[in-house]
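Subject: Structure for your attention

Dear colleague,

Please find below the structure that I am handing over to you. My notes on what was found in it follow directly after.

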Amino acid sequence: MEKSRSLCSWGQYLLSCLGFAVGLGNIWRFPYLCQTHGGGAFLIPYLIALVLEGIPVFYIELAIGQCLRRGSIGVWTAVSPYLGLGCLTVSFLVSLYYNTVLSWVLWYLLNSFQDPLPWSSCPLDINRTGAFEAECQASSTVSYFWYRQTLNITADISDNGSIQWRLLACLAASWAVVYLCVIRGIETTGKAIYFTALFPYLVLTIFLIRGLTLPGAVRGLIYLFTPNVQTLRNPRVWLDAATQIFFSLSLAFGGHIAFASYNPPRNNCEKDAVTVALVNSLTSLYASIAVFSVLGFKAANDHGNLLRLLNAFDLPDQSISRDDYAAVLAHLNATQPESVARLPLEVCQLEDFLDKSASGTGLAFVVFTEAVLHMPGAPGWAVLFFGMLFTLGLSSMFGNLEGIITPLLDLGVLRRSVPKEVLTGLVCLLCFLSATCFALQSGSYWLQVFDSYAAPLNLIIFAFFEVVGIAYVYGMPRFSDDIACMTGRRPGLYWRVTWKVVSPLLLLTIFVAYIAVLAWTPLSYRAWDPQYVGPLGATGSHFGPALATCVLLCFLPALWVPAVALVQQLAKRRQKQDTWQDGCPKLQEGGAS
Amino acid sequence: MLCLLFFLVTAVGAELCQPDAENAFKVRLSIRTALGDKAYAWDTNEEYLFKAMVAFSMRKVPNRETTEISHVLLCNVTQRVSFWFVVTDPSKNHTLPAVEIQSAIRMNRNRINSAFFLNDQTLEFLKIPSTLAPPTDPTMPIWMIIFSVIFCIVIVAVMLLIFSGIRQRRRKSKGPSEVDDTEDKCENMITIENGIPCDPLDTKGGHINDVFMTEDERLTPL
């Protein structure tokens with residue numbers, strides 16, 4: 001079935017792939033990894049992983065999609081079966097929780113249009129006696145706003161609580177926005193992508209310029225990029241680099257295959273693959289500079305300890321600067337140790353603070369929101385920041401949904417007379433209804449489970465089978481011919497070596513390492529404990545009843561592989577029986593097995 | 001004699017005003033934090049103003065209209081700037097109860113703050129909590145307003161797209177000759193390329209071999 005519409009603009013296609021690859025992980029996962037794994041030294045394993053694993057697998061996806069001009073199911077049915085449905089399921093699961101994160105971002109965005117920002121102060125307690133809410137005072141205003149006023153979170157994953165209507169409304173709104181952009185498939189997505197892919201870059205630049213002019217920013221950047229080559233000896237660093245590249249490029253979802261299938265067959269997908277992968281990595285670097293300059297400013301602004309010292313010892317106002325703090329504290333400790341011991345001093349070092357800065361939702365909704373509070377014109381910055389996060393996530397959602405819709409179109413689930421709007425509407429509605437479980441009070445914990453266990457393993461399995469399927473089952477000579485047809489020359493030695501040997505090996509290593517990590521560390525998630533006093537107020541817990549769901553999520557998409565194989569074997573056997581019964585030999589079905 | 005009396009008075013005064021004495025309050029100012037470069041130095045004149053403001057606050061309390069500046073005693077002034085103060089009665093023998101002073105200061109907190117260009121956070125009366133403004137609960141939270149606006153826009157846009165799609169399909173079903181321009185462009189691109197059309201992975205199951213098709217046409221049905 002030929003595509004009746006095409007992304008005839010090369011710019012739209014490139015932006016779509018770029019928007020899909022550049023997502024929330026570039027903003028809140030890469031800076032954290034970079035900083036915990038030795039700063040500038042982390043770039044070494046990151047670049048190696050990009051060259052050996054990221055770009056080759058990405059190129060395969062684009063090439064196969066462009067040549068076969070189908071979504072993931074059609075592609076894998078032609079080359080080596082069974083994978084397409086698995087990719088579809090993974091895309092579906094990821095869409096569910098990804099859009100939930102977007103709904104949280106939307107909630108924060110809606111709340112940013114007021115001065116003062118609602119997370120800047122604690123609400124009064126119920127009796128309005130003049131004291132603030134105890135939970136808020138024990139943690140911090142931003143944590144309270146996130147955990148209580150937004151999520152209204154319970155203490156345990158098994159305690160489901162009630163549906164949060166505000167979150168449900170935001171979820172409905174974000175699915176409505178996604179539907180609006182995906183309503184006619186690539187036709188509407190191609191128009192929306194111009195805004196959603198380019199707006200984040202604009203905002204990042206604004207934040208970069210503003211962040212670099214803030215006091216304390218340079219210290220944050222120096223801390224981020226100071227290379228610590230010793231950390232490279234830890235194998236965990238290499239594992240994290242490889243997985244980060246993999247998920248950052250959004251491989252094995254089927255989304256890139258779908259986008260490439262809308263290309264004219266004579267497009268140079270090699271150039272596209274290298275371009276998009278490089279721009280994605282550069283965006284991660286760019287974002288980490290912007291993020292860390294703001295974090296450095298926030299750390300420099302934190303002077304609770306200084307105030308305590310000044311008040312306790314009646315020293316002149318603002319007489320201790322941040323740099324003098326250590327010396328003054330030592331002096332006081334020597335002269336009046338008992339008084340110093342009585343003070344509730346927190347550890348007050350820039351590095352320690354930056355180490356506590358989290359990744360993921362912790363970074364965006366707790367740390368960064370607090371940093372924004374201190375910037376002059378806070379509501380404007382909050383609007384910009386959450387607007388950027390929303391558009392970033394939206395462009396990734398397009399890829400996810402294309403990974404669902406295009407295979408369904410190829411499968412021919414609905415009759416051709418039914419318009420595309422109905423299919424996309426049904427998909428969005430189904431996703432929205434399935435995602436309502438995340439609007440429960442324990443929804444955030446379920447999201448952590450999904451994020452940690454559902455996607456990673458399956459994607460690695462599928463990517464491994466992708467590369468092996470193309471390199472060995474389909475055959476490298478045939479694939480080289482196709483590429484020569486499309487781009488005008490055969491793939492060079494680098495591509496052939498990485499496809500045949502390096503990438504499968506790397507993926508296998510990552511898979512084994514992941515299983516090992518899973519087996520070693522007990523299954524856990526981070527819970528919110530109101531009694532715990534800390535910057536993020538989170539503790540780890542184990543969960544028992546939800547273990548079954550976790551295991552199911554882990555392997556459900558991967559189960560498609562043997563399941564479909566079994567079904568096809570049974571169908572073939574029944575067909576053979578039919579032909580014997582008929583007595584007339586029929587033409588063998590070509591290509592599909 | 002007079003010297004002795006003077007010493008006695010100051011001694012009594014010193015006893016009345018001591019850190020953690022009964023009915024004494026500690027005050028802490030953060031002038032440089034509040035004013036930055038425009039900070040003024042804290043000297044005895046500023047202390048006089050402070051005493052005057054406290055006396056003014058006490059005079060507003062019924063039964064205490066006769067409070068004088070000399071009734072307000074300051075002590076233990078530090079570099080921070082912080083000090084303790086008490087308010088004595090006209091006999092200067094004992095201090096006024098803390099509750100009265102507390103309520104008087106709370107009533108006039110704004111006037112005291114503005115006299116020194118400070119606010120509740122930079123002019124702290126420890127143990128005297130500030131009166132908080134009543135919470136402004138708008139009838140409709142702001143986020144709901146913006147949410148409704150966005151949601152309405154999205155719904156309208158979706159409806160427009162759906163209706164335009166229906167209209168397009170109706171027009172297409174009426175006039176089948178109307179070919180899509182974009183489709184044409186893409187088709188042209190392929191032919192203009194002038195190469196072998198790239199379709200090696202044709203996976204239509206059950207190939208229709210052209211040779212056989214022409215043969216079929218030749219054979220006329222009986």
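The crossing of H4(A) and H23(A) is left-handed. Please bear in mind throughout that this is a predicted model. Helix H4 covers residues 43-68 of chain A, and its axis lies 9 Å from that of H23(A), at an angle of about 110 degrees. H4(A) is therefore roughly perpendicular to H23(A), since angles of 65 to 115 degrees count as such. On the H4(A) side the contact includes Val51(A), Leu52(A), Ile55(A), Pro56(A) and Tyr59(A). Among the residues that H23(A) brings to this contact are Tyr494(A), Trp495(A), Trp499(A), Val502(A) and Ile510(A).

Helix H23 also takes part in a feature of the surface. Tyr472(A), Val473(A), Leu493(A), Val497(A), Val501(A) and Leu505(A) form a nonpolar patch there, and together they have about 580 Å² of accessible area. Two helices of chain A, H22 (443-487) and H23 (493-520), each supply at least two residues of the patch. The largest share, four residues, comes from H23(A). Leu505(A) is a patch residue that lies in helix H23 of chain A.

Two further helix pairs may be of interest to you.

Within chain A, H8(A) packs with helix H19 (residues 361-374) at an angle of about 140 degrees, and their axes are 9 Å apart. H8(A) and H19(A) are therefore oblique to each other, and their crossing is right-handed. From H8(A), the contact is made by Val142(A), Ser143(A) and Trp146(A). H19(A) contributes Thr361(A), Phe365(A), Val366(A), Thr369(A), Glu370(A) and Leu373(A) to this contact.

The other pair joins elements of chains A and B. The axes of H9(A) and helix H6 of chain B (residues 142-174) come within 10 Å and cross at roughly 30 degrees. H9(A) is therefore roughly parallel to H6(B), and the crossing is left-handed. On the H9(A) side, the contact residues include Ala169(A), Ala172(A), Ala173(A), Ala176(A) and Tyr179(A). Those from H6(B) include Trp143(B), Phe147(B), Phe151(B), Val154(B) and Leu161(B).

Some points of the backbone also deserve mention. Most residues other than glycine have a negative phi, and most peptide bonds are trans. The peptide bond from Asp115(A) to Pro116(A), however, is cis, with omega near 0 degrees. Pro116(A) is placed in the loop between helix H6 (83-111) and helix H7 (134-138) of chain A. In chain B, a cis peptide bond joins Arg80(B) and Val81(B), with omega of about 15 degrees. Val81(B) is located in the loop between strand E2 (72-75) and strand E3 (82-87) of chain B. Asn152(A) is not a glycine, yet has a positive phi of about 50 degrees. The loop that holds Asn152(A) runs between helix H8 (141-150) and helix H9 (165-182) of chain A.

Finally, there are the charged pairs. Over all chains, the structure holds ten salt bridges. One of them links Asp240(A) with Arg236(A), whose closest N and O atoms are 3.8 Å apart. Because Asp240(A) and Arg236(A) are four residues apart in helix H12 (residues 235-248) of chain A, about one helical turn separates them.

Yours sincerely

Note on methods
Residues are numbered from 1 along each chain as its sequence is written. Chains are lettered from A and ligands numbered from 1 in the order in which they are written. This is a predicted model: local features need pLDDT of at least 70, side-chain atom pairs count only at pLDDT 80 or more; totals for chains, interfaces and linings use all residues. Side-chain values use heavy atoms; hydrogens and water are left out. Patches are made of residues with over 30% relative accessible area and no salt bridge: like charges are joined within 9 Å, nonpolar side chains (Val, Leu, Ile, Met, Phe, Trp, Tyr) within 5 Å. Accessible areas come from the Shrake-Rupley method with a 1.4 Å probe; for residues, only the protein chains shown count as cover. A salt bridge is a side-chain nitrogen of Lys or Arg within 4 Å of a carboxyl oxygen of Asp or Glu. Axes are lines fitted to C-alpha atoms, for helices over the stretch in contact, and angles run from 0 to 180 degrees between N-to-C directions. Angles under 35 degrees count as roughly parallel, over 145 as roughly antiparallel, 65 to 115 as roughly perpendicular and the rest as oblique. A crossing is left-handed if the near helix is turned anticlockwise from the far one by less than a right angle, and right-handed if clockwise. Contact means heavy atoms within 4.5 Å.
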